[in-house]
Amino acid sequence: MWAELTPRQREIREIAREVAVNELRPRAHLWDESEKFPRATFDAVLETGLIGLTVPKEFGGQGEGLLEGCIVVEELARACLSTAMAVQPFLNGPWRAVNVLGTDDLRGRLLPGVADGTNHFAIAMSEPAAGTAGTDLRTTLTPEGDGFRLTGTKCWITGGREAHTIIVFCRIAGSKGPFGIGAVIIQGQPDGMSDFVVDPKMGIRGVGECLVHFDDVRIEPENVLIWPRIDSKEGTGVLVNQFNPERCGNAAMCTGLAQAALDASVGHLNARQQFGRSLATFQGLQWKVADMAMDVHIARMLLWRAARTGADGFPDQTATLMAKLHSSEMVQRVTNEAIQIHGARGYSRRWPVERYFRDGRGLSIGGGTSEVMRNVLGAQVLGVSGSQRRG
């Protein structure tokens, strides 16, 4: 199964697996129960040097590719999804947009902190009235001198409370639809920015989903990542493309979590006796495990294919859609079967499989819902417009 990986990739996988087994797995339940950021396990990963794995060497990173980052994320998710979610932005996150689109000044200011683990990035895209319909966003940039004023509300900002740097997608005043969209950099908590409000959620409870208000926040020109133009759709293209590396990370988390559920199920079936024999000898249960193993393997292969495509760390959209769509639905099937295989133990919070199920459920929503993935993928296959807008 791992024959397609290079010796270096296998080495990275083993480093990630060791810290995951020794440091993450024993503490995974703590972040779920306390709903606190997994600081101790994040720091354990940081000590291995994996945090800066994919950051370019000129900014203090190791210059590895998207696939290497996904290998790490999968192994971490296999032990603790909250920690994997906390590490994911450092490997496959929004800093990639700064690296490709930002000025030398922005790259020099922001990327070294990603490499050493001190600059937590987040992305603010969703709004109360603009979730799936991302081009309906209302957060507005109003020109002022050589810069702007930012006003609006953003929600579902993954890890926003811990973020030092946030990329905020917004639009120039007077624009609408796919026109006039841009992106700006927010660091710290400038005047006019509210405190974060954390929304309690079903799973991945160690990394909060946050809401924040911007009220006339001054944006200096050096902090504009994508200059909005009222007659241009350029920002919309970036908005769509920006999510492809993160969708690969989403697929990696799904794959790792499903592998954990499969591992737990195999262990349970081999250890548990009923009707005087091992559960592993029952054909019906063997079929379940066969389907689970096949599902996980297909997800991994689709992920590897997607992560190897594209340029500058932005993978091919079609390959990414397939990987994200399959894996985010696969993890629901596999974790659900794991609960069934464990019986009453699977429904108990004393065993981890019920947490796996809760953690996995949100991954088919974040980064693009399954319905949207199918819309876009279907339109690409058919060669027609993927827009769902009418009128």
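Q: Which residues touch the most other members of the largest nonpolar core?
A: This is a predicted model, where local features need pLDDT of at least 70, side-chain atom pairs count only at pLDDT 80 or more, and totals for chains, interfaces and linings use all residues. Residues are numbered from 1 along each chain as its sequence is written, and side-chain values use heavy atoms, without hydrogens and water. A nonpolar core joins buried (under 20% relative accessible area, 1.4 Å probe, protein chains only) Ala, Val, Leu, Ile, Met, Phe, Trp, Tyr and Cys residues through side-chain atoms within 4.5 Å. Among the 91 residues of the largest one, those touching the most other members are Leu 76, Val 98, Ile 167, Phe 169 and Leu 225.

Q: Which helix gives the most to this core?
A: The top contributor spans residues 234-271. With 13 residues in the core, that is helix α8.

Q: How are helix α4 and helix α5 oriented to each other?
A: α4 covers residues 66-77 and α5 residues 81-92. Their axes, lines fitted to C-alpha atoms over the stretch in contact, lie 8 Å apart at about 170 degrees. Angles over 145 degrees count as roughly antiparallel, so the pair is roughly antiparallel.

Note on methods:
Axes fitted to C-alpha atoms, helices over the stretch in contact; angles between N-to-C directions. Helix = DSSP H or I, 4+ residues; strand = E, 2+ residues; numbered from the N terminus. Parallel < 35°, antiparallel > 145°, perpendicular 65-115°, else oblique. Buried < 20%, exposed > 50% of the residue type's maximum accessible area, 1.4 Å probe, protein only.
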